[in-house]
Every structure is written in C-alpha cells, then in structure tokens.
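Me: I would like to go through some of the labels attached to this structure and ask what each one rests on. Please set each value against its cut-off.

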Amino acid sequence: MVALSMVLVFLLALSRGESELDIKISSPQETTEWGDPGLSLPGSCQPAPSCQKCILSHPSCAWCKQLNFTASGEAEVRRCALREELLARGCPPEELEEPRGRQEVLQDKPLSQGTRGEGATQLAPQRVRVTLRPGEPQQLRVRFLRAEGYPVDLYYLMDLSYSMKDDLERVRQLGHALLVRLQEVTHSVRIGFGSFVDKMVLPFVSTVPSKLRHPCPTRLERCQPPFSFHHVLPLTRDAKAFEREVGRQSVSGNLDSPEGGFDAILQAALCQEQIGWRNVSRLLVFTSDDTFHTAGDGKLGGIFMPSDGHCHLDSNGLYSRSPEFDYPSVGQVAQALSAANIQPIFAVTGATLPVYQELSKLIPKSVVGELSEDSSNVVQLIMDAYNSLSSTVTLEHERSLLPPGVHISYDSQCGGPEKKQDEAGDRGQCNHVGINQTVNFLVTLQATHCLPEPHLLRFRARGFSEELTVELHTLCDCNCSDTQLQAPHCSDGKGHLQCGVCSCVPGHLGRLCECSEAELSSWDLESGCRAPNGTGPLCSGRGRCQCGRCTCSGQSSGRLCECDDASCERHEGILCGGFGRCQCGVCHCHANRTGRACECSGDTDNCVSHDGGLCSGHGYCNCNRCQCSDGYYGALCGQCSGCKTPCERHRDCAECGALGTGPLAVNCSLACAHANVTLALAPTLDDGWCKERTHDNQLFFFLAEDEAGGRVTLRVRPPQKGSDHTQIIVLGCVGGIVVVGLGLVLAYRLSVEIYDRREYSRFEKEQQQLQWKQDNNPLYKSAITTTVNPCFQEAEGAPL
C-alpha cells in the first residue's frame with residue numbers, strides 16, 4: 001500500500017510538472033515545420049496545451065482565452081481549435097487570440113521620371129516591415145516604372161589576341177560613334193576600355209624570352225607582350241580619350257585557341273573603384289572570336305589555387321596575380337556580375353556563337369550578339385543589346401540574405417497579355433517593357449518556423465540601382481492581455497494566469513490550482529474519477545485523475561472523459577466530412593447537411609430531370625443522388641430494363657400517320673391523338689433521327705420532338721420509291737464472276753504459252769551453235785580401234 005501511494009504521488013507530481021511546462025512560453029528558437037508550407041485544410045488544426053504552441057501548430061489555429069471556457073474535466077488543449085469551432089462552442093470573438101501577419105510600409109516615394117533620368121524613382125516601395133506568422137503567407141506588391149534616359153556606364157572589354165587584328169582597327173574609331181548612339185537614349189553615358197589575352201605561362205603563352213617580347217608571327221608587325229587583363233581606360237564621358245587610348249593599343253599573341261576572358265570579366269566586376277562604376281545601369285561589352293578558359297584549365301600550367309574572388313590590379317592596370325590563381329568558374333563569374341549588378345553583352349563571331357549562347361543561359365540578364373569578322377556592326381549590336389536589356393525588368397532577391405525556412409515566390413503582372421508565373425524562390429520578370437510603363441510584381445513571403453532575430457531582405461530590379469529593403473519578423477507568441485501573477489482566479493493566488501490558463505505555484509496543482517500535494521495521500525480522490533460501480537480504468541482511460549477530478553486528454557470531455565470528440569465517423573478522411581462538429585461521438589451537422597458523417601447534402605439540383613421532376617418520377621432524391629425504384633436505373637432513373645426506346649414508342653404512330661400503314665392504321669387518329677405527324681421530304685439526317693422499317697420492309701426515318709402537355713411532334717421522311725433492281729444486281733454479280741474467272745484462265749494460258757516459246761527458241765539457238773571439232777578436242781577418242789600385225793607382209797605380184 002505504501003508503494004502504491006508513492007507511485008500515485010509521483011504520477012500526480014509528474015502531471016503537475018507537465019502542466020506547468022505546457023503553460024510556459026517556449027523559447028524563440030523553438031521550431032515548428034510543415035511538410036507543405038501552403039497546407040491549410042479544414043480540420044487540420046490540432047489541440048495544443050498553450051496559446052503559443054497553438055498558433056505555431058498551424059496557421060488556421062486560434063486560442064480562446066476566456067476564463068472557464070473548458071468544461072469540467074475538459075482539457076485546456078481544447079482551447080486550441082479553428083476559429084469557427086471556438087465561436088460555435090461559445091467563445092466570444094473578443095476572447096479569441098488569433099494573431100495574423102501584417103506589413104507596414106516604412107518608405108514609399110512615388111514613382112517619377114526625374115530630370116533626364118537623373119534622380120528617377122523606378123522602384124516602390126523602398127522599405128517595408130513584414131511580420132509573418134509561421135505557415136501564413138504575406139503578399140507584397142512591388143511597382144516598377146521604366147524611366148526615360150536612365151544613366152549608363154559601358155565598359156568595352158576586348159580580346160587582343162592576334163586573330164582580332166582587323167577588329168582593333170574598327171574599335172579605334174568606335175568611341176565617338178558609340179557615345180552618339182547612346183546619347184540618343186540617355187543624356188548621361190560613360191565608356192571605358194580594357195583588354196585581355198591569356199595567362200603568361202605555358203602552354204597558354206610561349207615563355208621564350210623573344211616570344212614574350214614580340215609574340216606576333218612576323219617581326220614587322222606592331223605587337224605588344226602578352227598579358228592576362230589590362231585595364232586601359234576608366235569610365236569617362238570623353239570620346240576622344242577613348243579613341244586616343246584605344247589607338248595606342250596593339251594586338252598580342254598566345255598559343256592555344258581559348259582565351260583568358262573569364263579572368264578579365266571577373267576583375268572588371270570586382271575592381272569597381274578602379275573601373276569607375278557608378279550606381280547606374282552597368283553594361284560590360286565582351287568581344288572575342290574564340291572560346292574561353294574556365295576553372296581547372298590552369299592545372300595545365302601548374303596553377304592549382306582557385307580564384308580568390310578579389311581585385312588584383314596593380315598601378316599599371318594589369319592583373320598582376322594571374323599566374324598564381326586558376327581561371328574562375330562560370331558560377332564565380334555569374335555571381336560576381338550579379339553582385340556588381342553588371343549586365344554582360346557578349347559580342348562574338350559566328351563560329352563561337354553557340355558556345356556563348358549556352359553561357360548566357362547560366363548568367364542572368366545577359367545577351368549574345370553575332371559580331372562581324374571585322375567588328376563593323378559592333379555599335380548596332382550594342383544598341384540592340386541595350387534595348388533588349390533595358391526593356392526586360394527582372395525583380396529578384398539577394399539569396400545570400402534569405403534565412404533558412406523562408407520561401408519567396410513571384411507573380412509578374414506585366415500589364416498586357418504576358419503574365420508569367422515564376423517558381424518559388426526564383427524571380428519575377430516582364431519583357432518588352434516600354435518607357436513610362438509601370439509593371440507590378442506580387443511577392444509572396446512565407447516562413448515555416450520562427451526566426452531567432454529579425455532579418456533584412458533586399459530586392460532589386462537587375463540592371464538598375466534602386467533596392468527594396470524588407471525587415472522580416474516572425475510572430476511566434478500570443479499577446480494576451482490577461483496575464484496576472486498570483487491571480488484570484490487561480491484559487492485565490494495559488495497560480496499565475498496567462499491566456500485564460502492557470503500555471504500553479506509549487507505545491508499546488510489542478511486546473512485552477514485547487515489541490516495541494518498534501519491531499520495526494522487520500523485514496524478517496526480516486527473515487528471521483530471512476531464510474532459509480534467502481535470498476536473500469538480511471539477517467540475512462542482517456543485522462544488523468546487530479547485532485548479527485550478527471551483532466552481529459554486529447555479530444556475527450558465529460559466528467560469521466562466518457563465522451564470522445566474525435567471518434568465520430570469520417571467522410572473522405574475528414575471528421576464529420578468537414579460539415580459538422582463532433583460532440584461525444586456524434587456529428588452535429590451544419591444546416592442542409594445530414595448523415596452520420598454529415599456526408600449528405602440537402603440540395604436536389606443533381607436529381608432534377610429534363611422535365612423538371614425529381615428522378616424522372618421513378619425514384620426519390622437522397623444525398624443529392626437519385627435512388628431509383630425497382631426496374632429503373634440511370635443517374636436520373638430514366639431507364640428501365642423493359643422500357644421501350646422513344647423510337648420504338650413512336651414508330652407505329654409515325655408509320656400510320658405518314659404512310660397509312662402499320663398496326664395502328666385502322667384507328668390511327670384515336671391511338672395517336674397525342675402525336676402531330678408531318679412529312680419532311682428532304683431533311684438533314686443526324687443521330688437524333690429514328691430509323692425503322694414498315695410492314696413491307698421499307699426503310700423510313702422520323703424525328704420525335706416532345707411538346708408541352710404530353711404531346712409529341714413526329715417529322716417523318718417517307719421511304720423513297722424506286723424500281724426493283726434485285727434481278728439486275730444478281731445477274732450482274734454472276735456475270736462479273738464469270739468474266740473475271742475467264743480472264744484469269746486466259747491470262748494463265750497466255751503466260752504458259754509465252755514461257756514455252758521462249759524456252760524452245762533458246763534450245764534451237766544453242767543447237768545451231770553446237771559444232772564438234774574432233775581435231776581440236778583433246779578429250780575426243782574415236783570409237784574405232786585399229787590393230788597392225790607387224791608380221792604381215794603383203795605378197796608381191798600376187799596373181800589376179
């Protein structure tokens with residue numbers, strides 16, 4: 001008995017400790033996540049022991065802080081539910097704690113053109129404070145106005161390998177023409193110049209001293225030593241300075257075909273102070289007639305150290321540490337250009353155009369143009385690329401500042417037929433945006449868990465200098481106004497009140513802290529937690545016994561937790577079908593809903609047949625579905641196994657009314673008084689026409705059209721009369737078969753005759769050509785054998 005008492009005391013103390021822990025505010029670092037941040041389904045909110053845990057459990061949850069809201073024995077977790085459910089259970093609207101995310105615009109300068117593009121405001125708002133409740137999305141509208149004459153900085157980066165000799169002559173005269181064309185679209189433009197060849201190590205460049213001094217094929221040509229990247233002219237408005245500095249340049253040479261263009265692009269993006277970039281539209285024109293080296297190629301020359309991503313230009317504008325660092329990767333180049341807000345224009349020859357087109361797909365907001373062999377079209381190419389880039393508005397966020405668990409998606413409203421929905425976390429984009437045109441982007445922000453501290457997010461339109469700063473906060477606690485230490489509601493100060501729930505001081509426990517630990521040794525406390533017969537588990541096995549009263553768990557309620565508000569029937573996996581409230585195992589359905597799981601709708605729109613009746617008069621409507629009488633079937637009970645089709649029902653009336661024949665010919669006027677029969681001599685037949693035969697097996701067609709009052713109109717096409725061609729058809733078929741058979745026999749005999757004649761002719765020809773020449777035939781042997789007797793002597797002068 002003593003051991004049992006100690007166990008009971010331990011369990012009650014443990015339950016008191018758990019109750020106190022449930023009431024305490026969780027730390028800001030507590031994380032609650034969902035598999036799908038956008039999930040918000042009816043009935044998805046689950047009970048929680050405190051207001052903070054309630055609002056973190058799901059964005060659809062609300063908390064009722066009304067005192068004594070839960071019934072006797074009902075767990076405090078029942079305070080957490082959907083707003084509609086809490087209101088239905090009697091919680092006043094002013095006692096609901098349902099914090100929602102919000103946004104506050106801190107700076108919103110109106111969109112303006114400025115003066116000749118200077119001082120224009122193209123992006124609004126400029127600063128916003130957004131507070132997110134985890135799981136609840138917030139949508140922010142961002143506006144962009146394309147201003148006229150927005151300032152431009154253009155840096156011309158040229159390949160000076162020997163194959164670009166002809167192009168250099170054109171570029172020397174480029175400065176004035178390029179400035180004139182750019183000044184047509186903006187009054188503030190600056191241009192600069194840089195060049196590149198390749199790393200000065202083998203096998204990229206010949207390290208023979210004479211070749212380092214003069215790498216060109218012939219010594220009569222003007223040629224400069226090879227270099228990796230040379231920053232020649234900072235950005236300037238002086239076209240003459242551009243032409244003067246470019247005029248001093250000469251080609252160089254290297255060994256392999258790919259060039260060191262990536263080194264040059266990276267240094268031009270990183271060395272912003274040396275280049276002289278302003279906070280305006282930045283264009284980098286990259287011209288070359290060959291491909292590029294990328295990360296890993298430096299190992300061929302014994303360079304293993306990756307590019308460090310820093311500026312390394314010396315006082316002469318040369319990339320001094322090129323032999324120490326490997327070529328940058330495509331990702332490094334894309335990241336550096338994006339961070340510096342530089343838009344590259346790749347002007348390359350036709351042979352390398354496909355390579356740079358694939359590269360452009362990996363570098364956001366870059367364009368590729370085909371350069372003529374002598375760069376004569378470079379000015380027009382730059383203007384076309386500039387117009388394409390400036391008319392494309394791409395809104396994106398700085399990904400390095402995005403905290404984990406925050407998701408961003410974009411909805412682009414471009415003001416025309418084009419409306420592009422981008423994937424979450426990508427970007428918003430509008431193409432072909434005209435000057436003075438305003439486009440909108442709906443930016444949706446959603447957090448999956450609480451952030452330990454506020455975060456700053458930056459949004460910008462790529463290629464433009466303005467930014468939108470978003471102060472991101474998360475809402476992870478309730479702002480209950482009833483917080484009270486040693487509240488009288490909690491048994492005259494034996495606990496602290498917060499959000500309608502008591503947190504007991506040490507030594508007390510219970511829903512209102514009404515029980516002290518000294519009373520725990522009384523065995524009479526258990527009697528209040530059992531059924532009158534004293535059998536069965538405490539609190540029906542659905543709760544804990546505290547201070548002689550049951551504290552129910554989960555969705556259980558009642559004095560002994562005998563009611564389970566989660567045991568109702570489900571429809572399509574949802575408790576009470578989502579159209580009712582479960583109370584003590586029984587669904588209390590909403591209006592116009594019936595059934596044990598509220599699965600039946602009181603509507604009858606799905607049971608109305610074509611004539612306006614319910615279920616065609618052969619059944620009744622139950623749960624908005626027809627329940628057909630015996631013998632009838634179909635969605636509207638319009639079919640039966642022994643019923644005639646409309647064609648079968650009206651065939652006799654159509655025949656007697658139009659043709660005067662058939663079973664009803666004698667009393668047609670009486671039997672078919674409901675039918676109005678008309679003749680249609682040349683109607684257009686379709687699937688609605690009935691096809692039947694008369695008593696003499698003639699085919700006729702008719703169309704039945706129902707009218708009001710049970711009458712029907714029958715449009716009949718009479719059978720077409722004509723002579724009987726049966727005998728002619730039979731004789732024709734027989735004659736045709738005979739003719740075809742004779743033809744086949746004659747054809748066979750003719751083919752045999754021709755074959756025989758050809759064979760006989762060939763035989764005669766071979767016979768004529770056969771001539772036996774015995775003398776010349778070494779195989780010929782005569783059939784006569786001559787034998788000579790050596791002893792034979794013919795008698796001389798033999799008598800006659």
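**Labels and their grounds**

Reply: In helix α13, the buried residues are His-650, Cys-653, Ala-654, Glu-655, Cys-656 and Ala-658. The model is a predicted one.

Me: What do the buried residues of α13 pack against?

Reply: Their partners are α14 (668-671), β38 (675-679), β40 (699-706) and β41 (712-717). A contact requires heavy atoms within 4.5 Å.

Me: How do you know that the reach of α13 is close to the one expected?

Reply: The helix covers residues 646-659, 14 residues in total, and spans 19 Å from its first C-alpha to its last, against 20 Å expected at 1.5 Å a residue. There is a bend of about 30° at Asp-652. After the helix comes Gly-660, with a positive phi near 75°.

Me: Why is Ala-385 called buried?

Reply: Its relative accessibility is 7%, and buried means under 20%, so Ala-385 counts as buried. This residue lies in helix α12 (residues 378-390). Leaving aside residues up to four places away in sequence, Ala-385 touches Ile-345 and Val-367.

Me: What makes Arg-593 a residue without a salt bridge?

Reply: The nearest side chain of opposite charge, Asp-603, is 6.2 Å away, whereas a salt bridge needs nitrogen and oxygen within 4 Å. Arg-593 is therefore buried with no salt bridge. Its side chain does have a polar atom 3.2 Å from the backbone oxygen of Cys-598, and the limit for a polar contact is 3.5 Å. Arg-593 itself is found in strand β32 (residues 593-594). Residues it touches, beyond four places in sequence, include Phe-579 and Glu-599.

Me: Is Cys-598 buried or exposed, and what is the value?

Reply: Cys-598 is buried, because its relative accessible area is 0% and the cut-off is under 20%. The residue sits in the loop between β32 and β33 (600-601). Its phi is positive, about 55°, although Cys-598 is not a glycine.

Me: Why is Asn-592 called partly exposed?

Reply: At 43% relative accessible area, Asn-592 falls between the 20% and 50% limits, so partly exposed is the label. Asn-592 is in the loop between β31 (586-589) and β32. It is not a glycine either, yet has a positive phi of about 70°.

Me: How do you know that Glu-104 and Arg-129 form a salt bridge?

Reply: Their closest N and O atoms are 2.8 Å apart, and the limit is 4 Å. Glu-104 lies in strand β4 (residues 102-107) and Arg-129 in strand β6, so the pair ties together parts 25 residues apart in sequence. Glu-104 is partly exposed at 42% relative accessibility, as is Arg-129 at 28%.

Me: What makes Glu-471 and Arg-127 a salt bridge, and which parts does the pair tie together?

Reply: With the closest N and O atoms 3.0 Å apart, the pair is within the 4 Å limit. Glu-471 belongs to strand β19 (residues 467-474) and Arg-127 to strand β6, so parts 344 residues apart in sequence are tied together. Glu-471 is buried at 14%, while Arg-127 is partly exposed at 29%.

Me: How many salt bridges are found in the whole structure?

Reply: The search finds 25. Among them is the one between Arg-89 and Glu-85, at 3.8 Å from N to O. A network of salt bridges links Arg-83, Glu-98, Arg-100 and Glu-136.

Key:
Residues numbered from 1 in each chain as written. Predicted model: local features only at pLDDT ≥ 70, side-chain atom pairs only at ≥ 80, totals over all residues. Heavy atoms only, no water. Helix = DSSP H or I, 4+ residues; strand = E, 2+ residues; numbered from the N terminus. Expected span 1.5 Å × (residues − 1). Bend = angle between axes of the 7 residues up to and from the residue. Buried < 20%, exposed > 50% of the residue type's maximum accessible area, 1.4 Å probe, protein only. Lys, Arg positive; Asp, Glu negative; His and termini not counted. Polar contact = N/O pair within 3.5 Å; in protein donor to acceptor, adjacent residues only side chain to side chain.
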